[in-house]
Every structure is written in structure tokens, then in C-alpha cells.
Amino acid sequence: MEFMSAGPVLLPTSGSASPWVPEHGSHASSTSEGLSGLPADYPNHLGQGTLAWTGKQFDDDKPHFVYNLTECELLEICRGKDHFKCMPISRLRVFSKFLPTLDTLTHVPALELDGDQVNRTNFPLPTLGPKLDELSHDIYNGKGLCVIRGINPDEWAVEDLTIIWLGIQAYIADQRGCQDDRGNMLVADKSSKMKLGHHRHSTSAISFHNEEAGDVVAWLTRSTAAAGGKCIVASAYTIYNILAAHRPDIIRTLAKSDWPFALPRFQCRPLLFWHDSRLVMNFGRTPLLGNAVHPRPDHLPKLNDRQREALDVVEAVAQAVQLEIKTQPGDMHFINNLAILHRREGFVDGESSQQKRHLVRMRLRSTRLGWEIPDDLKHEWHTAFDKDASRQTWHLEPMPGDVFPLRKYTN
């Protein structure tokens with residue numbers, strides 16, 4: 001499928017297959033149901049900032065979304081980590097929440113520091129900090145993504161690597177969100193024979209989606225697979241522009257509040273919002289369709305043909321305009337979860353630990369730059385970001401399923 005550029009809107013080239021060709025007559029059905037035009041107040045075209053882009057616009061050799069740390073900046077990061085760890089004990093709390101992992105971390109020091117204490121004040125980055133502020137603004141109001149590159153995970157103990165990860169995060173977005181009702185803050189994205197029932201712990205490809213909460217979804221790459229496993233992203237703004245020009249009925253379908261989500265709680269809500277003069281997408285197939293491992297319960301409402309087609313069209317357009325990111329060990333990804341869809345390529349792990357894909361995911365929000373959240377999504381944001389810090393849990397290594405519960409329906 002090929003496209004030619006018409007500004008931020010892409011048009012199919014002659015002879016190419018169009019991703020918005022209606023299937024099963026659902027396009028005609030949408031028209032007959034009065035769904036042919038854009039919803040009220042939705043714009044005909046999105047052009048603000050540079051959030052509308054395609055993968056082909058980025059130079060593979062020198063991608064503009066990658067920030068390469070200099071030697072001086074790496075030294076400053078090391079000093080920031082040392083500054084944090086050398087704080088007076090009276091100002092720190094013993095990090096008892098690490099204790100479940102101590103049997104697997106023989107090199108962990110006696111005093112552990114609470115991850116929610118790492119901030120801009122106690123992790124000073126006088127030179128790099130202003131650049132990270134610029135990257136934060138670009139994530140919220142520019143391209144919607146960045147990769148910070150240059151950290152070598154092999155040079156750091158896992159607890160120091162995590163402190164560095166949190167220190168850099170503090171300049172991108174200062175709030176950190178829980179990822180389940182037990183207060184887990186770090187999620188391991190790696191294959192596991194114990195947890196093959198959850199796609200996060202399989203080696204299979206994952207379709208495009210957004211996390212159910214968090215302005216910014218962030219990953220630290222501790223190691224990469226022997227083959228595959230690329231992070232793949234697509235701009236919801238570009239997808240919108242294409243649909244607005246060619247299939248506005250799909251946008252109207254996505255904006256209806258009759259989508260029956262199975263997780264994290266049953267809820268009918270839209271997939272697409274025009275809110276506070278911004279487009280917000282919160283998209284996912286598995287919570288709506290289930291899959292082979294997690295079949296959708298019979299008692300929940302099923303999607304109609306119009307909704308199924310809308311999911312397929314969004315997935316097809318996203319794949320047509322996607323950007324593939326070749327991840328390196330130590331990479332820190334930051335993606336605008338409100339405006340950018342992401343998915344994972346399938347992968348094959350090698351025999352050594354350095355050839356096994358291992359990412360650590362977090363959910364973030366900036367008190368300074370955070371977007372206004374639509375009412376239908378506020379419950380999930382509240383659950384993630386308003387949890388008492390004393391109930392947060394920071395596991396440096398992947399936990400067994402009974403410690404980090406695997407939900408019946410995955411996101």
C-alpha cells in the first residue's frame with residue numbers, strides 16, 4: 001500500500017490498494033444510519049504542531065526523534081545519580097518495597113531508595129535538563145515521541161540503571177502512574193514461559209493500541225532480541241486526516257459512545273475524542289474483540305459490523321503510515337499515549353541474556369504540559385496517578401504472576 005503526500009493528509013497513489021475500501025457493505029450501512037459525515041465540532045483537518053506525520057518523513061540514518069547523549073551529558077547523568085544516592089539518610093525512606101526481589105538481586109545494597117523520590121531537585125542535570133525540557137514539549141506538542149540514546153545497560157547495576165531511568169523521566173514528565181490495583185509501577189515486557197497467556201510475555205506481534213491510562217508511555221530497553229521486536233508507532237493525527245478526507249463515517253463510528261470495553265472494567269465509551277481543541281485517541285482491539293488466549297466472554301455485548309470495520313480500517317491505515325524504530329539496548333522511549341498508537345513486532349530471543357528482549361514500561365504525566373483528559377477516561381487516569389505513594393511497589397526484576405497479576409483481558 002503506497003501513498004503520496006498532500007500536506008499532512010496522505011492520498012493513495014494510483015493503482016494502490018486503499019485501506020478504507022468498505023468491507024461487508026458496512027460503508028453503505030453507515031451511510032444509511034446517518035454516519036456519513038464528521039461528528040459535530042470535529043475539524044475537517046488537523047494541522048496543529050507536527051503531530052501529523054508519516055514514517056517515511058523521518059530519515060533512517062539520522063532520525064529527528066532520536067536524541068543521542070554526549071559524553072559530557074553521560075557524565076552529568078552519572079553525577080546526578082550519585083547526588084541522589086548520597087542524600088542524607090534522614091531525608092530518605094528505606095525502600096522496603098524492593099524486598100520481594102532481594103533474593104534475585106545479590107548485589108543490591110542494604111539501603112534501597114524509593115523510586116517516587118527521584119525528582120529534578122535531587123537528580124540535578126544543569127546542562128542536559130533544559131534539553132530534556134525541550135524534548136518533553138516536543139512529546140506533548142510536537143512530534144509526539146522521542147528516543148533518548150546512549151546509556152549502556154551493561155555498565156550499570158540494575159538499581160543504578162533504574163535510578164538513571166527515573167531521573168531522566170523526571171524532566172520529561174514528573175508524575176508516575178501505577179499499572180495495576182496492587183500499585184506496581186514497573187512492568188517488564190519480555191517473553192516468559194510462565195506467562196505465555198499474556199501477550200506482553202509472548203514473542204508474538206501485538207496490534208496497534210494505546211495504554212488505557214497515561215499521557216506518556218515510556219520504555220527503558222534493558223536488552224534486545226536476537227531478531228525482530230521493533231517498536232512501531234503511528235500518528236493518530238495522520239490517521240484522522242486520512243479518514244476525514246476519505247471515510248468520515250469511520251470517525252463518526254469511532255466517536256460514538258457505544259464501544260463495549262471489557263477492561264480494565266466494563267465500560268461503553270468512544271475510541272476517539274475531540275476534547276479541549278485536541279484529538280485524543282484511546283484505541284485497542286483486544287479489550288473489544290478478545291483473542292485466542294483471552295476469548296471475549298459471551299455475556300458481554302459483541303461489536304457490530306460497522307465497529308469491526310472501523311477497527312480494521314484504523315489498523316490498516318496505521319500500518320500504512322507507521323514508523324518502525326530499531327531499538328538499541330539502553331534506549332529510553334517516550335511516546336504521547338494520547339496522540340500516537342504503538343505496537344510491537346514479533347521477535348525471536350537468543351540464548352544469552354543480552355539477546356533476550358527486555359523492556360521496562362512506565363506510565364507518565366506532566367503536571368506542566370498534561371492535556372485535559374476526556375471525562376470517559378478520567379477514571380483510569382485517577383486510578384493510575386492518584387494512588388497513595390505508600391502503596392506503590394517498585395520491582396526491579398520481573399515478578400511471578402501472583403505478584404504482578406495478569407489480567408484476564410489484556411490491553
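Gln-169 lies in helix 4 (residues 158-172), where helices are DSSP runs of H or I with at least four residues and strands are runs of E with at least two, numbered from the N terminus. The model is a predicted one, in which local features need pLDDT of at least 70 and side-chain atom pairs count only at pLDDT 80 or more, while totals for chains, interfaces and linings use all residues. Residues are numbered from 1 along each chain as its sequence is written, and side-chain values use heavy atoms, with hydrogens and water left out.

With a relative accessibility of 0%, Gln-169 counts as buried (under 20% relative accessible area, with exposed over 50% and partly exposed in between, for a 1.4 Å probe and protein chains only). Leaving aside residues up to four places away in sequence, Gln-169 touches Arg-176, Phe-334, Met-362 and Leu-364, contact meaning heavy atoms within 4.5 Å.

Salt bridges, of which the structure holds 18, are defined by a side-chain nitrogen of Lys or Arg within 4 Å of a carboxyl oxygen of Asp or Glu. Three of them are listed here.

| Salt bridge | N to O distance |
|---|---|
| Lys-81 and Asp-160 | 3.9 Å |
| Lys-143 and Asp-138 | 2.7 Å |
| Asp-258 and Arg-306 | 3.6 Å |

In the pair of Lys-81 and Asp-160, Lys-81 belongs to helix 2 (residues 71-85) and Asp-160 to helix 4, so the bridge ties together parts that are 79 residues apart in sequence. Lys-81 is buried at a relative accessible area of 7%, and Asp-160 also counts as buried, at 11%. Lys-143 and Asp-138 are both buried. For the bridge between Asp-258 and Arg-306, Asp-258 sits in the loop between helix 6 and strand 11 (259-261) and Arg-306 in helix 8 (residues 305-321), so this pair ties together parts that are 48 residues apart in sequence. Asp-258 is partly exposed at 28%, whereas Arg-306 is buried at 9%. Salt bridges with shared partners also join Lys-81, Asp-82, Lys-85 and Asp-160 into one network.

The axes of helix 5 (residues 236-246) and helix 6 (residues 248-255) come within 5 Å and cross at roughly 120°. The two helices are therefore oblique to each other, given that angles under 35 degrees count as roughly parallel, over 145 as roughly antiparallel, 65 to 115 as roughly perpendicular and the rest as oblique. Tyr-240, Leu-243, Ala-244 and His-246 of helix 5 make the contact with Pro-248, Ile-250, Ile-251 and Leu-254 of helix 6.

Technical notes: Axes are lines fitted to C-alpha atoms, for helices over the stretch in contact, and angles run from 0 to 180 degrees between N-to-C directions.
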